[in-house]
Structure formats: structure tokens, C-alpha cells
Amino acid sequence: MESKITPDKRLFALDGRVAVVTGALGLLGRQHCVALAGAGAQVVVADLDPERCQALASRLPGRALGVEMDVSDRQSVMEAVDTVLGEFGQVDVLINNAAVNDRFEAPDIAGEPSRFEHYPLSMWKLSLAVNVTGVFLCSQAFGTPMASRGKGSIVNIASTYGMVGPDQSIYRPPAGDQCYFKSPAYATSKGAVIAFTRYLAAYWGDSGVRVNCLTPGGVRNGQEPFFVEKYAARTPLGRMASPEDYRGAIIFLASDASSYMTGANLVVDGGWTAW
Ligand SMILES: NC(=O)c1ccc[n+]([C@@H]2O[C@H](COP(=O)([O-])OP(=O)(O)OC[C@H]3O[C@@H](n4cnc5c(N)ncnc54)[C@H](O)[C@@H]3O)[C@@H](O)[C@H]2O)c1
């Protein structure tokens, strides 16, 4: 008789792996930290505010570290790499999540300045510095030791707006003027993240470093009801995402469960880009 088949329960396990999450204090960043820690990883909580990074790290299960890092500043990124390697001796996973996400629910950037004709050059430059240059700098700094070890997974967080143009009509209330336009810098930067992912996957394929994108759709976060309704109506699953909806995809891309996947874009958008 043939022997019993044993399922591989360790496929999604991250025990002993060190996972760095940038922009870890944000709406989705903290969910990525929870997901990775839950799968057994030792998580590095990296963001601009060191005290809040340490506070979140102290609440995660297992060994975790809070680290101050401005992804757009090479010096800051290099210092963070030194700290992480000094503490753990290795990096296995990098989640490039930090971004300027000029959202509808943030009133300071709404209104006329968000209109393309008036969109400020300063916002354009800041978005590209964080969303694109930040991904480049962190991939270079944390990915190089991964390539030297011959092993690692980099996950770049893109957006549906890096794949398809924003439908600006969902930001228009039923009565009254359009109060917000999704920015040109955001869409441009996320398209660049998808292209950079393919570049680096091709470059580091023979070094054992896998590089993939996760493309999330819009997350429910206290937006006005008219917007939530319009967003849901444009989505086959009929709703916006909850912040927890991306946990499975993060663990999949970070772990050996995706071992034959590189240069890919995993789209988790409730079907937004499917029709
Ligand atoms: N929330 C959504 O609906 C949504 C949808 C699609 C894609 N995304 C993407 O998911 C990722 C996370 O989005 P979010 O909604 O959690 O955003 P968020 O604004 O809640 O969090 C972003 C985090 O990045 C940090 N950050 C900003 N500039 C930084 C810098 N220079 N260095 C280091 N950290 C910096 C901020 O402090 C913040 O904690 C982003 O890449 C975003 O583009 C979000």
C-alpha cells in the first residue's frame, strides 16, 4: 500500500523570518505587521515616528522592533538597515508599503488643489519621492543583503490606479460640486511601482530574491456615504475593502507559498479592474 500523503502545513509559515514593513503605522501597514507576525515572522515596524513604531512593535506577538525610517531619505534608510541587521543579522521580507496616499477623506488636500489644472508641483514631487524613490531606496538597501544571501521576498504595494485611470465621478456628491479629484501623482507613482517590480524581478531572479506587487483596491475608512456607495457599485463584490482583506495576500507573497512567483502583480480589488 502506498504511504499516506502528508499535507505541507508549513507552506505559509514565516517562522524565523525577518520582515520589514515600511509605512507600518498607516491604515494598511499595521495590518501587514499583524499578518506577518501572526504567520511567525519577526516584524520590523518602520515609519516616521519612532515612539509610535516602538509602541506598535511592543504589541505584536513574538520578537518585533520599531525603527524610525524616512523611505525618501537614503541616509535614514541606510541607518535603518544597519539597525535591523545589527538586531537580527538578516532580512527575509520587505513590504514596500509607505506612500503619500492623498485620500478623499483628508480634507487638507481636497478641493481646488486636487484638480489637475492646479495640482501643486510640491505634491507631485513629494509623492514621487516617497512612492517611487522610496521603493527604489528600500529595495536597494534591504534587498542587497537578501541577494547576497541568495534568498528573499520583496512585496511592493501598488494600487488599482496604477493599472486603470481613476474614475473621478465617484468623488462627485449627488448634489453640489466635485470636492476632490484623485491625484495625477498617485496614479503615476503606482504605475511606476508596477514597472519597477518587473525590472527588479528580472534583475534579481538569479539571486533568489523574488519581487512582486500587491495591488489593493479602496479601503473603507470613514469616507462619506455617497462615495462608499459609488465605490461599491463599481466593484463586482459590491463593497469597499476592509483593512483586514489584504492579510492573506501579504502572507502568500512573503512566504514560500508563492515560491514560483516573481515579477507578478497580485490584484486584490474586489473585482474593480475586472469590468
Ligand atoms: N487605503 C487604500 O484605500 C489603499 C488602496 C490601494 C492602495 N493603497 C496603498 O497601500 C499602502 C498603504 O496605504 P494606507 O491607506 O495604509 O496609507 P496611510 O496614509 O494610512 O499610511 C501611510 C503610512 O506611510 C507613512 N509614510 C509617509 N511618508 C513616509 C516616508 N517618507 N517614510 C516612511 N513612512 C512614510 C505614513 O507615516 C503612514 O503611516 C500605500 O502604498 C497605498 O498607496 C491603499
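User: Which residues is Gln42 in contact with, leaving aside its neighbours within four places in sequence?

Analyst: In this predicted model, Gln42 is in contact with Gly16, Arg17, Val18, Ala19, Arg63 and Phe88, once its neighbours within four places in sequence are left aside. One of these partners, Arg63, is also joined to Gln42 by a polar contact of 3.4 Å between the two side chains. Gln42 itself is found in strand S2, which covers residues 42-47.

User: Is Gln42 buried or exposed?

Analyst: Gln42 has a relative accessible area of 17%, and because buried means under 20%, this residue counts as buried.

User: How should I read the sheet to which S2 belongs, and what is the order of its strands?

Analyst: As a general idea, strands of a sheet pair through backbone hydrogen bonds, either parallel or antiparallel. Here the sheet is open, with 7 strands in the order S3-S2-S1-S4-S5-S6-S7, and the pairing is parallel. S3 and S7 (265-268) stand at the edges with a single partner strand each, so one side of each has no neighbour in the sheet. On average, and with direction ignored, neighbouring strands of this sheet are turned by 20° against each other.

User: How many bridges join S4 to its partners S1 and S5?

Analyst: S4 is joined to S5 by 4 bridges, while the parallel pairing of S1 with S4 extends over 3 bridges.

User: Which way do the side chains of S4 point?

Analyst: In a regular strand the side chains alternate between the two faces of the sheet. In S4, Val93 and Ile95 point one way, Leu94 and Asn96 point the other way, and all of them are buried.

User: Which helices lie on the sheet, and at what angles?

Analyst: Among them is H3, which packs on the sheet by touching S1, S2 and S3, and whose direction makes about 160° with that of S3. Another is H5, which lies across S5, S6 and S7 and runs at about 160° to S6.

User: What span should H5 have, and how far apart are its ends?

Analyst: H5 has 21 residues (184-204), and at 1.5 Å a residue these should span 30 Å, which agrees with the 30 Å between its end C-alpha atoms. At the start of H5, a side-chain oxygen of Ser183 comes within 3.4 Å of the backbone nitrogen of Ala185.

User: Which residues of helix H1 are buried, and what do they pack against?

Analyst: Of the 10 residues of H1 (29-38), 7 are buried, so this helix is largely enclosed by the rest of the structure. The buried ones are Gly29, Gln31, His32, Cys33, Ala35, Leu36 and Ala37, and they pack against S1, S2, H2, S4, S5 and H7. After H1 comes Gly40, whose phi is positive, near 105°.

User: Which residues touch the most other members of the largest nonpolar core?

Analyst: In soluble globular proteins, nonpolar side chains tend to be buried together. The largest nonpolar core here has 39 residues, of which Met69, Val77, Val84, Phe142 and Ile154 touch the most other members. S1, S2, S3, H3, H4, H5 and S6 each supply at least two residues of this core, and H4 gives the most, with 9 residues. Apart from this core lies another, of 32 residues, among them Ala41, Val155, Ala241 and Ala249.

Notes:
Residues are numbered from 1 along each chain as its sequence is written. This is a predicted model: local features need pLDDT of at least 70, side-chain atom pairs count only at pLDDT 80 or more; totals for chains, interfaces and linings use all residues. Side-chain values use heavy atoms; hydrogens and water are left out. The expected span of a helix is 1.5 Å times one less than its number of residues. A polar contact is a pair of N or O atoms within 3.5 Å; within protein, one must be able to donate a hydrogen and the other to accept it, and residues adjacent in sequence count only if both atoms are side-chain atoms. Buried means under 20% relative accessible area, exposed over 50%, partly exposed in between (1.4 Å probe, protein chains only). Contact means heavy atoms within 4.5 Å. A nonpolar core is a set of buried Ala, Val, Leu, Ile, Met, Phe, Trp, Tyr and Cys residues joined through side-chain atoms within 4.5 Å. Two strands pair if DSSP finds at least two bridges between them. Axes are lines fitted to C-alpha atoms, for helices over the stretch in contact, and angles run from 0 to 180 degrees between N-to-C directions.
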